[in-house]
Each structure stands twice: as C-alpha cells, then as structure tokens.
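Biologist: Please put the model on screen, and we can go through the sheet, the contact between the chains and the cores in turn.

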Amino acid sequence: MAPTESPWNTLTAPLIRQNPVMLQVLGICSALAVTTSLDTALTMSISLTVVVVLAAGLISLVRRHIPNSIRLIVQIIIIASLVIVIDQCLQAWFFGLSQRLSVFVSLIATNCIVLGRTESFARSNPPLRSMLDALGSGLGYSLVLTLIGACRELFGAGRLLGMQVLPLADAGGWFTPLSLMLLAPSAFFLLGGLIWAARSLWPDQAEAPEFPPHDLREER
Amino acid sequence: MADLNPLSLWRRFLALPNDSRTKTLVVAFLVSSICAVLVTTATVMLRPIQAQNRAAEQQARLEALVAAVPGISALLEEAGDAALSTVVIDLETGAAAKSVTPETLETALADPANWTTLSATDDIAGIGSRPNYAQIYLLRSGETVRLAILPVVGSGYGGRIQALLALNGDMQTLAGLAVTEQSETPGLGARIAEAPWQQGFAGKRLFDDTGAARLAVARGPARGEHEVDGITGATRTGNAVTQMVRFWVGPKGYGSTIAALRRGDF
C-alpha cells in the first residue's frame, strides 16, 4: 500500500509539482484552441474542472462495481454525459461564450486529463479524496490556461477580459498588436516557454533524456 | 422457491463477482440508461431557453448590422418611423414569395426541395446549392425603396462568409457591406469583419454599362468606381468576397429581384 497523502497535498500537488499540462503534457489540444482570449480560457477551465470533479466523484462511488472488462467504456459514458449536460447549460445561460467555445466544450469528453484522473485515481480511492484530487488537476489545468490566455489576449489584442489595457496604435496609442499571438502556433511557443521555465525552477521535473545526444567526438 | 424481493435481488446482484457476465451486462445497461435519462432531461428542459437565446442573438445582429451600414442613420431619420420591412422573395421569379412568410421561412428551408443545386459554371461563389427563398429587408421613404439589404453567403479561404449587402435605391450603387460571419485567418483575411475595410464599399458601383456585375476587391488599392481596396496577404479572401458579391447580384442570385426593384415592383 502506498502511504496515504494528506488531503492538502492531494489538492495542491497537481497545481505546480504535478501539473497535468506542464508536467504530464496532457490536454494541450484544447489548451491551444481556447486561449485566444482570457474569458474563453476561464470558461473552459471552469467547465473542465466541474466535469473532472463530478466524474471523479461518480466513478469513485461505483468503483467497486465496475467490471474490469468494460471499465473504460463505463467511465467514458459517465464523462460524456456530464459534458453534454454542461454544454447544454452553457448554451442556455452563457450563450455568447458557448458560441465562441464551439466544439471544444464537447471535446472535454476526450480530454486526457479527465480520463487520466478517473482511471488512475478515482477508480481506487474513496469519493472525497478522488474529488479533491480531481479539483487539484482541474485547477492545475486552469492555471496554465489562464496564464496562456492572459498572455495571448494581452499581446495579441492589447486587452484583458475585453477591456483595453494597452492603447492600440490604431486608436492613437503606442501598442501594435502581435497578430501571431492570436494564431495557434503562439500557444505552442508560450506553453513551451512555460514548461522550460517550470523545469528550470524545479529541476526534478525534468525527465531523463530517452536518447543520449549524439556524441560528435566518437565519430572522428 | 426463488426469492423475488427486489431489495435482496439487488444485494445478490451487488455481491456478484465483478467479472461475471450478468454483472457486466447489467452494469453496462444501468449506467447507460441513467446517463441517457440525465442527458435527455437536460436537453429537453433547457431547449426553450436556448431557442430564445438564438432568436435574440439573430435580432441583435441584424439591428447592429443595419446600424453599421454607413449613412443609414440619416436615412432612418429621414424615413421617420417607417422602419425596415422584411420580405421573403422567391429567387426564381424575383417577386415576393406567395407561400412563404418570414415565420415559415426556416421550416421551408429545412426541406431540400426548396434548394437549387448549382452547376460548376454557375457556382462562382463556391456554395454548392442556394435556397429558393431568401429574406431581404427594404427601407422605404414614402413609396420608393431607398435601401435594400440582401443577405449573401460565399465560401472564403477559411470557411463560409456570410454578409449583408446594402444597395441604394437606384439598385446600382452600394450603400455598404457588413460581414456577419467569417472564419478567415485572424489578422489577415479576418479584417473583412472590420468596419474600416467595410466602409470602402459605400458608394461603389455594382454593375458596368452592359449590366454585368463588375464590382471587385482589388489587389492592392482600389482603382476606379468598381473596386474596393484589397487586404494585403488576404488575396483569396478578397477574391471570395468578389465572387460572393458577383454571384448574388447575378442572374442565379438576386438578379431578378434587383430588376424587379428597379421597375418599382415592391
């Protein structure tokens, strides 16, 4: 038996030390797509966190009765149903945002973080602990999305949450927006930079190289 | 004697080993039915609110667009309270449709029989098929039509482009163009959605002397009364807008409607 962690640890570990996006590099597809502005990034983060917490709780409740042979299907059905319900709620009460998030809310169902947490943690832990762990993972994902979303909106459009922060050159200010920031590649650059920064600060996050770099001296 | 008490049946079921066939089947069935009920309830309960949202959004967009057409506020003031009237037209005849009203338009367009497939030579806008009915907006002062707003659609570089084309009462010069939906490249083609570019359409002439559609988005700055400034780095988006406008004012689009408006049929 692995020694049980304190609840506080379960919650905070995925924020920085075990961040699902930065360390495990999971769920980056949606992280790239919805971060062109801060409000879509925040909505996506909240939706994902709600889904992952509820899914972890539900799956943990029935964990003793999930037959091993169909466990993945059962988990995916539960996750997908939750995602549809969330999507419908967004369309009903946050119509504008749901238009801009378009298909990415439905794609939470295929987000590796959700299935990763339910499969690796909720299936073998009691509901409260599982939900705490899921909340931590959701918040870790949210943290990265918020950072990237803020960067991209600030430098791509000079705005934050739709409010003009940097005066645009078009409107008589000094700031020329970087259009690159609104394109998908910039999210890769930012995410790469973020991972590099995190692994320089906490060197234990860096993975051992799988292949040793080619040694040139031997070739002579 | 079999024990038929549901509670003890349930207990016996839970006590079954997880990998037994019965338990696998029953768990799969239960999970999917519970999820189905959950999803159905959410969808059915929230549908009215969603439909309301969609209708409100469409109305708001139309109002914003009409207000965005340059010079329209002056026209609206001139026209007094004679607001915009909505007409569903039959694109074949160019006259007002008899059987379809704005309320029933959506139902009519859900029927594939009310769509016409375009041949490759006709389909310069790349849209494949076009509806037989379209909803247009007319602004009158007295009996004369001062402004006609025609919704158009075309296929751009990144996806569909939807726009509203506003024609002055002479049915020759443009009052403006407003892009309502596009998915062009941000920073390049997506600039067609920006007001400064759209303002370039005001006052441009649509047709040449023979009556053929001549308006074009130029490569580079506009030359002459038939051209609109191009956007650097968005040649294909510009071409798409050109083709879209030319298709919709042409014979397969609103050509017959524009002719009818010229004759003063509306």
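Modeller: This is a predicted model. Chain B has an open sheet of 5 strands with antiparallel pairing, in the order β1-β4-β5-β6-β7.

Biologist: Which strands of chain B stand at the edges?

Modeller: An edge strand has a single partner strand, so one side of it is left without a neighbour in the sheet. From one strand to the next, the twist averages 25°. The edge strands of chain B are β1 (85-90) and β7 (174-181).

Biologist: What is the bridge partner of L150(B) in β6(B)?

Modeller: Strands β5 (residues 144-155) and β6 (residues 160-168) of chain B pair in the antiparallel sense. Their pairing runs over 9 bridges. In β6(B), L150(B) has as its bridge partner L165(B).

Biologist: Which helix of chain B packs on the sheet, touching β5 and β6, and what angle does its direction make with that of β5(B)?

Modeller: The helix touching both strands is α6 of chain B, residues 235-249. Its direction and that of β5(B) make an angle of about 130°.

Biologist: Which helix of chain B gives the most to the side that touches chain A?

Modeller: The contact takes 20 residues from chain A and 21 residues from chain B. By class, the chain B side has 11 nonpolar, 7 polar and 3 charged residues. With 16 residues, the helix that gives the most to that side is α2 (residues 21-68) of chain B.

Biologist: Where does the largest share of the largest nonpolar core come from?

Modeller: This core has 49 residues, and V51(A), V52(A), A55(A) and I78(A) touch the most other members. Among the elements that each supply at least two residues are α3 (38-61) and α7 (127-157) of chain A, together with α2 of chain B. The largest share, 11 residues, comes from α3(A).

Biologist: How many residues are in the other core, the one with A148(B) and I149(B)?

Modeller: That core lies apart from the largest one. Its members also include I231(B) and L261(B). The number of residues is 46.

Biologist: How far apart are the end C-alpha atoms of α7(A), and what span should its 31 residues have?

Modeller: At 1.5 Å a residue, the helix should span 45 Å. The distance between its end C-alpha atoms agrees with this, at 43 Å.

Definitions and conventions:
Residues numbered from 1 in each chain as written. Chains lettered and ligands numbered in written order. Predicted model: local features only at pLDDT ≥ 70, side-chain atom pairs only at ≥ 80, totals over all residues. Pairing = 2+ DSSP bridges. Helix = DSSP H or I, 4+ residues; strand = E, 2+ residues; numbered from the N terminus. Axes fitted to C-alpha atoms, helices over the stretch in contact; angles between N-to-C directions. Contact = placed C-beta atoms within 7 Å. Nonpolar A, V, L, I, M, F, W, Y, C, P; charged D, E, K, R; others polar. Core = buried A, V, L, I, M, F, W, Y, C linked by C-beta atoms within 7 Å. Buried ≥ 20, exposed ≤ 12 C-beta atoms within 10 Å, placed from the backbone. Expected span 1.5 Å × (residues − 1).
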